[in-house]
Amino acid sequence: YRRGSPSSQTPPEDGVQTCSDDDDDDDDDDDDHRDCWGVCSADDGIIIWRIADGTRCRRLVGHEENVNCMAPLREGSLLASGSDDLSVIIWRVADGKHLATLEGHAEGVTCLAELERDRLASGSWDNNIVIWSITHGTQLATLEEAYPTCLATLDGNRLASGSDFDTTIVIWSLRNDTELAKLEGHDKNVTCLAPLEDGRLASGS
């Protein structure tokens with residue numbers, strides 16, 4: 001766990017690169033993140049877009065390899081990003097500041113999901129799902145899952161994960177970090193998950 005620092009952890013200006021064409025608008029947007037979306041890319045960066053007019057608010061630079069996944073935290077005021085550089089970075093959306101780096105995976109990070117009680121789940125090619133404390137940046141638990149590709153928060157005490165290894169979906173208990181159930185039905189690996197109302201879950205393959 002590393003706190004973000006302009007001198008040691010991120011490029012100048014806390015890893016924020018604003019676009020010259022949009023510089024006049026940046027100050028107006030720093031206090032309002034509600035109309036912005038983040039997009040990750042294979043160019044190691046993240047672009048925050050303003051949805052209303054399609055302009056770029058800023059570009060976040062801090063990862064050293066491809067950015068594979070992101071998750072909004074604390075109602076969108078923070079952003080988590082996972083990368084092939086094995087790390088998860090926590091950003092503040094209002095100004096793009098690099099707040100912290102979570103380190104603990106042995107392979108690239110493939111998926112992220114916000115959990116209740118200020119926690120974050122991250123999946124990796126290292127066959128693990130790590131549960132983090134966002135406040136303290138510490139590892140709270142590790143769930144063993146073969147090549148997790150996607151995560152979905154079902155409620156405060158359950159997490160669903162899809163795998164690139166087989167065709168199943170695992171439902172986890174976050175109370176005692178154990179497997180509750182395994183859903184089978186796909187013919188190929190599971191690539192995406194989405195929680196629905198009335199205790200339902202959608203899965204893509």
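"Buried" here means under 20% relative accessible area. Keep in mind as you look around that this is a predicted model.

Who is strand 5's partner? One answer is strand 4, residues 45-50, which pairs with strand 5 in the antiparallel sense over six bridges. To see the pairing for yourself, find Ile46, which stands opposite Leu60 in strand 5. Strands 4 and 5 together make a hairpin, with four residues between them. Look in that turn for Gly54, which has a positive phi of about 75°.

Now move along to strand 6, residues 67-73, where you'll find Met70. Is Met70 buried or partly exposed? Its relative accessibility is 21%, so Met70 counts as partly exposed, given that buried means under 20%. While you're there, look across to Ile90: Met70 and Ile90 are 20 residues apart in sequence, and their C-alpha atoms are 9.8 Å apart in space.

Last stop: the surface. Which residues form a nonpolar patch there? They are Trp125, Tyr147 and Phe165, and together they have about 320 Å² of accessible area. Let's pick out Phe165. You'll find Phe165 in the loop between strand 15 (158-163) and strand 16 (169-173). With a relative accessible area of 57%, Phe165 is exposed, because the cut-off for that word is over 50%.

Note on methods:
Residues are numbered from 1 along each chain as its sequence is written. This is a predicted model: local features need pLDDT of at least 70, side-chain atom pairs count only at pLDDT 80 or more; totals for chains, interfaces and linings use all residues. Side-chain values use heavy atoms; hydrogens and water are left out. Helices (H or I, at least four residues) and strands (E, at least two) are DSSP runs, numbered from the N terminus. Buried means under 20% relative accessible area, exposed over 50%, partly exposed in between (1.4 Å probe, protein chains only). Patches are made of residues with over 30% relative accessible area and no salt bridge: like charges are joined within 9 Å, nonpolar side chains (Val, Leu, Ile, Met, Phe, Trp, Tyr) within 5 Å. Accessible areas come from the Shrake-Rupley method with a 1.4 Å probe; for residues, only the protein chains shown count as cover. A salt bridge is a side-chain nitrogen of Lys or Arg within 4 Å of a carboxyl oxygen of Asp or Glu. Two strands pair if DSSP finds at least two bridges between them.
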